[in-house]
Structure formats: C-alpha cells, structure tokens
Amino acid sequence: MRPHSDQEIHELLNAPEGDHFEFKEAKNRYDFEEAVKYCCALSNCGGGKLVLGISDKRPRKVVGSKAFEQPERTRKGLMEKLRVHVDFILYEHYGNRILVFEIESRPMGLPIQADGITWWRDGDSLVPMPEDVRRRIYMEVEPDFSCEICPEATLDDLDSKAIKNFRKKWRGHTGNKRITSLTDEQLLRDCGAITDKGVTYAALILFGNRTITRSKLPHADVVFEYRSKEAAGPAAQREEFQEGFFNYFDRIWELVNLRNDEQYYRDGFFRHPISTFNEDVIREAVLNAVSHRDYKLGGSIFVRQYQNRLVVESPGGLPHGITVENILDRQNARNKLIADIFRLCGLVERSGQGMNLIYEMAIKDAKPLPDFSGSDAFFVMLTLRGKVINSEMLDFIKKVGDEQLEAITLDDYLSLASLFLNKGNESVDVARFNHLVELDILRFAEQGIELVNGGMIFPIGDQSAVKRLPSDCQAIVSSDWQSLDVSDRKKQILTFIDINGRATSSQLATLTELTQARIRSILQELVADDFIVKVGDNRHTSYVIKYSGFDTGRFNSL
C-alpha cells in the first residue's frame, strides 16, 4: 500500500460523484462484472476512478473494503475486457483498506464497450449509451485534410531540393541505404505523400514549390518576425516562407539563433552558460504548429521572437477533444499524414508527443512551462519563455546522472519543479515522489524531502515554514517586479509569492500587517490584472504567479 497524505483522503471524501467518480462500500466483496460496467462508463465519460471502501452517501466515510484481494489480477482483467489502460492505488487509512481503480479515457472518436454494450452514466444509473452521444463521439475525429488529394497538382509541382532534404533526413534517421536509390516518386509514395489518386495536400505543404503553394495554399505559409520592442509596429526583421516546409525548416532556427543570448548559472567557482532559446524546444514548437494548424482556415503561422520569449501562433484552435488541461495526456493529430511523415524522418520522436517533450525540456532548463494564454477557438498561441527562473533547480538537474535522467518521466519532472517552486508548502503529497526515490534522486528524510546530490531539504507537513520578507520589501530576489507599473505594496506581495511559490491571504496579511479584507481586495486586483492566479478553494485557496508560465492546475495538490 502506498503512503498518502490526509489531504489525499480528504479530496476523495469530498469529490463529486458523477461522470468521473464512482464510490462503492464493497466491505467484503464486489462483483467483477459490475466493476467492468462502471469502469466502461467512466472511460466513456472521459476517464475516472472507481473507489471501493468509501461510502457513496454524503457525508462520505471510510468503511474499508476486502474486495479484490489481488488487485493486479483484477486490473489485468479490466484491461482485457475494456481495452483501455487501468491502474490501481491501495490506501490504508487507520486500518481500513481503500482500493481505487483509475480508468483511462476512451480513445478519440471511439466509445468503449463491455460484452457488446456501450455503458454510460445517467445520473446514478448505468444505461446503454444514447445514440446521439454515440454519434457525437464518432464525429470527434476530424477528417485529415493533409491526406486529401489536390486535383490539379502533379509531381512536377514539387521542389526537388525539398525532396532531397527529406530524403537525407529519412536516410539518416533509419540508416536504410535503400532510401538513397529510390526515385523521387517512389520516395514520396513510400511515405504516403502521393498515391495512385494523385498528390496530397501534405505533399504541397512539405515539398511544394512556391508557384503551387501560392496558387493552391496561399495561406499555408510561415512568417518569422524578430521584435526588439514590445510595442506594436514593424518588426526589426521579417521573413516569409511560402514553399515546402523541408526547404526552410532549418532556416527558422538559424533566424532564432542569431539573437540567442546566453545566461549563466553558478556551480561552485564555475559559471556555466545556458541558451535563452533551446533548439529542440523551438523546433518542436514549429513542427507542432505545422502538424496541427487548420489549413482550411485563412491566416499564417507566425513565429515571433522577442528578447526573452518566443510566441508561435497558428490558425485553428486546439484539435477536437484537446484542452490546455489535458494536452499532455491526450493526442489528436489534426493533420495525421504530415505528423507521420515527420515521424518517419525523425523530426519528431513519436506522433502526438511533441508537447510532452517541450514541457520536459523546459523543466530541465529550469524555465517556465509553455503558456497558452491568448488562445481561443480560432488560434493557438504558444508562448515559450527563455529566462531561467530557478538556478538551484537547473544546477541540480545538471548533476543527475545520465542513466537516471533516462528513467525520469514527465510527471517526475513536474514533481521536481513543484518542489523548487513551492518551497514551504504544507500540503505536499509525498507519494508522487516515490519513483524519484526509487531512482535515488530524492530521499525521504525526517525533516522533509532531501535531494541526494543537491544538499537541500524541502520541509513538508508540520515542518513547513515560509520565508518572511522585511516589511519595507528591500530583500527583493526577483527584480522583474521593479519594472511593473504597480504600487510598492503590490510589489511586496508579488515578490513574496514569487519567492515562496505561492501564498495564502492570511500569510500576506501577516506580512503586510493589513486586514484580511484589504488583502483580498489587492489580490482580486492582481488577479484581474493577470499577475497572479487563484488556485484551490475555501480554506485551501492560495495564489501563484501567472507570469512564470507554470501550469498551476498541475500543482493544486501540492
């Protein structure tokens, strides 16, 4: 049984039973076929948890469950029946056993069945899925525009240089010598860019010459701009690319790298450089935009570079079923053929995994996570900030061994980031660090969570404490707030939140010696001005910096 915090049990007891939670007492046993039905319904509703050992009537109570004494065997049985991933967690709460099955969401466009029936939740009841719901699910998968045939395009409309660049990439990635001897036509047939029916739009987007792309896809261009100032006006440098992507994919990085400043972090007596813009991150962001933009809509892909940030703007909202909250867990390629061609030649590691890599590399460089502020149903705006925000975290990650780094998951990186950015928080869930402990990167110490090679301990639970700033706010660590057009009192509050990772209104009232009412008023103004974000609710409410770009939703439980 895994260790857990009281907060974890508290959240289960207060979770809303509905589409994503199902509670059963199951004190002595629970029918497996009944569990299959509920897990099927949970998966069809977007995934969720079947909780055994907690009463379903409010106020809920922990009653303990003896059901499924071999949960791993039950997990495998559920997966065989449903064909979706199922995991389980065992808790022991004051001698009572709680068993939680975590069920993955159904695949995009495909409802899940159990013994021929597609189960669905209707209030507290299980019912076969209504036909209108089933039709909506089947319609989730958008037609792949990139694999459609452009009627008037021919092989002569494709640029030989772009095809050569692709051939070189594919040959280098696979080591297949046969690729070198293939004709251009056979090469493009092998990757699916052309078929017996004709030339696909993917072929025009990736290999087309300027004449055909301007004629058939005039809006499928990429525009690079360098802006030395934030103010509106003409860019200091601008280049437009309206041809096959394989003719200019290196050029975009060359333009970014022209003004790629170096930052330094200190390791003892040594100062080590780190680039403001990570090449892999920038390339992944551009590849992501080309793969997922909506080519049926007008508008260009824009890559706008500023001194410390880069913004990639692409037409079309996020693909159906993808949100900022689930973007790391679900994939739905809008232009699957383009994504598959990128994967064949090694430009992307695996179709649909680009954003995971961007998040991971941002944390490894101790930079803010991707920020999707400004995105809507018609445009995706991805902001990548290049400034190192925690040199201690950067120094620690650089010291982790290569073998350990290979084994670290994205969730592990997010957990590490939460440690460094949320120092002194009282509700750390230590269970999320178990894998890092197994890798000998962290260890649980009496005082808290200790970095094995970093010489630092992060207090948890009752050990937690927050740093205090002098009331005159002279001890400002982050000078960024000095440039903001806010009062000194707001700068004091912002700096305190920035240093401690988050803060509650009561902590800020103690710091500033203002009343709770006045503090809440100031916090509301800072939220409205987009400087901070409110996370949690009721007595668990706290505030974090919006500026940093870190995904506050993923740190709500910390």
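This report describes the predicted model of one protein chain, from its overall make-up to selected local features.

## Basis of the description

The structure is a predicted model, in which local features need pLDDT of at least 70 and side-chain atom pairs count only at pLDDT 80 or more, while totals for chains, interfaces and linings use all residues. Residues are numbered from 1 along each chain as its sequence is written, and side-chain values use heavy atoms, with hydrogens and water left out.

## Overall make-up and confidence

The chain has 20 helices and 20 strands. Both are DSSP runs numbered from the N terminus, helices being H or I runs of at least four residues and strands being E runs of at least two. Of the 558 residues in the chain, 51% are buried. Here, buried means under 20% relative accessible area, exposed means over 50%, and partly exposed lies in between, with a 1.4 Å probe and protein chains only. Among contacts (heavy atoms within 4.5 Å) with a separation of 6 or more, 63% join residues 24 or more positions apart.

The average pLDDT of the chain is 84, and 87% of the residues score at least 70. This score is the predictor's confidence in each residue, from 0 to 100. Over residues 462–485 the pLDDT is below 50, and this stretch has 48 contacts in the model beyond near neighbours in sequence. Residues 547–558 also have pLDDT under 50, with 44 contacts beyond four places in sequence. Where pLDDT is low, the predicted coordinates should not be read in detail.

## The parallel pair E1 and E2

Strands of a sheet pair through backbone hydrogen bonds, either parallel or antiparallel. Two strands count as paired if DSSP finds at least two bridges between them. Strands E1 and E2 run parallel and are joined by four bridges. Within this pair, Phe23 stands opposite Val51 in E2. Four of the five residues of E2 are buried, so this strand is largely enclosed by the rest of the structure.

Axes are lines fitted to C-alpha atoms, for helices over the stretch in contact, and angles run from 0 to 180 degrees between N-to-C directions.

Within the sheet, strand E13 (residues 301–305) pairs with strand E14 (residues 309–315) in the antiparallel sense over four bridges. Val303 stands opposite Val312 in E14.

## The three-stranded sheet

A further open sheet has three strands in the order E16-E17-E18, with antiparallel pairing. Strand E16 (442–445) and strand E18 (457–459) are at the edges, and each has a single partner strand, so one side of each is left without a neighbour in the sheet. On average, neighbouring strands here are turned by 25° against each other, direction ignored.

Three bridges pair strand E17 (residues 448–451) with E18 in the antiparallel sense. The bridge partner of Gly448 in E18 is Pro459.

## Two helices in contact

Helix H11 (residues 279–292) and helix H12 (residues 336–344) pack at an angle of about 145°, and their axes are 8 Å apart. Leu287, Val290 and Ser291 of H11 meet Ile338, Ala339 and Phe342 of H12 in this contact. By class, the contact has five nonpolar, one polar and no charged residues. In this classification Ala, Val, Leu, Ile, Met, Phe, Trp, Tyr, Cys and Pro are nonpolar, Asp, Glu, Lys and Arg are charged, and the others, Gly among them, are polar.

## Backbone features in loops

Most residues other than glycine have a negative phi, and most peptide bonds are trans. Ala26, although not a glycine, has a positive phi of about 45°. This residue is in the loop between strand E1 (21–24) and helix H2 (32–44), and Ala26 is buried at 11% relative accessibility. Asp530 also has a positive phi, near 70°. Asp530 lies in the loop between helix H20 (516–528) and strand E19 (532–535) and is partly exposed, with a relative accessible area of 44%.

The peptide bond from Arg58 to Pro59 is cis, with omega near -5°. Pro59 is in the loop between strand E2 (48–52) and helix H3 (71–82).
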